[in-house]
Amino acid sequence: MIVGKTFDEFLTEYLEYLRVIRNYSFHTMNSYKTDLTQLGQYILLQDKEKNNNGGINFNEFDSNFLKSFISDLSDTAVIRKRYTKKSISRKISVVKSFYKFLYKKKYISKNFSVPVIFPRLEKKLPSFLTEKEMENLLNEKHIADVSVLDRAVIELFYSTGIRLSELINLKINNINLINNTIKVLGKGTKERIVPFGKEAGKAINNYISIRKICNLTGSEYLFLNNSGKKLYPMKVNRLIKKNLSLVTDLKKKSPHVLRHTFATHMLDNGADIRAVKDMLGHESLSTTQIYTHLTPERLKKVYKQSHPRA
């Protein structure tokens, strides 16, 4: 039992662990802090003697307590807001990570979060463009009406499947225009090498040429705004939404749709799922498997290749 250590002190130590040891981003740590603060508030509601004015013994907040906390997340009468299964699943993941840390540091006698199970989530297929829609987006008639920056951003998203944060933080020295590869700094500051196609290479070369003409050479980042600063997320989101609106009726029109499109088209055309996993920067193969959904195009292709009388 830890005497005199408050919930906030436990939380601060855990967040420091995430920052220093796990290299989590500021955004991720903020999300963890929000979810765990909610757990701390729930502890206070359940027993006001076990609050931040005195020491807390997490051995008293065992599996049954955690299950009660998770159950009440979907009860508006208790929490005042009913969370979706997806949000609850995320909160469980955060709590499990926190309790794993507490057990590792010997603050609790056993990991009480192990018996807590995730809710069954509905499997939703990712939004993506068809190959025809992508062809229309990148054809000469459409591209002639967009800026060199638009073209380079769209081509690189579709050619590599990188995330928005990875694109805006891409530096010029991370690009190899001879081998057509980029070095990407992904989640958890993990680096990976991703190849890109010749059309993306042409678009990047054109953009770099324009950059030099406009004298935007003082930054280490590849993609810059008119002030010579790296692009901000809202600018890229607007850029992508504007262009996707010309070719698709999808509700979602974001950079992540192009990431989904990259993965879907790669697998549709026979790419090895492990290679796609590595290019996307996924830690687990199960994350990549969401893209193995059977599109009508792939069904037809499999049928023609496999049925004797196709």
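Predicted model: local features only at pLDDT ≥ 70, side-chain atom pairs only at ≥ 80, totals over all residues.
I started with Lys 230: its charged end sits over the ring of Tyr 221, 4.7 Å from the centre. "Over" here means NZ of Lys or CZ of Arg within 6 Å of the ring centre and within 35 degrees of the ring normal. I found Lys 5 placed over a ring too, that of Phe 10, with its charged end 5.3 Å from the centre.

Numbering runs from 1 along each chain as its sequence is written, and side-chain values use heavy atoms, with hydrogens and water left out.

Next, aromatic pairs (rings of Phe, Tyr and Trp, the last by its six-membered ring, with centres within 6.5 Å; planes under 30 degrees apart are stacked, over 60 edge-to-face, the rest tilted). I searched the whole structure and got 18. I looked up Tyr 42 and Phe 69: the centres are 5.1 Å apart and the planes at 55°, so I logged the pair as tilted. It links distant parts of the chain, with Tyr 42 in helix H2 (residues 26–46) and Phe 69 in helix H3 (residues 63–72), 27 residues apart. Helices are DSSP runs of H or I, at least four residues, numbered from the N terminus. Both Tyr 42 and Phe 69 are buried, meaning under 20% relative accessible area (1.4 Å probe, protein chains only).

Definitions and conventions: Helix = DSSP H or I, 4+ residues; strand = E, 2+ residues; numbered from the N terminus. Buried < 20%, exposed > 50% of the residue type's maximum accessible area, 1.4 Å probe, protein only.
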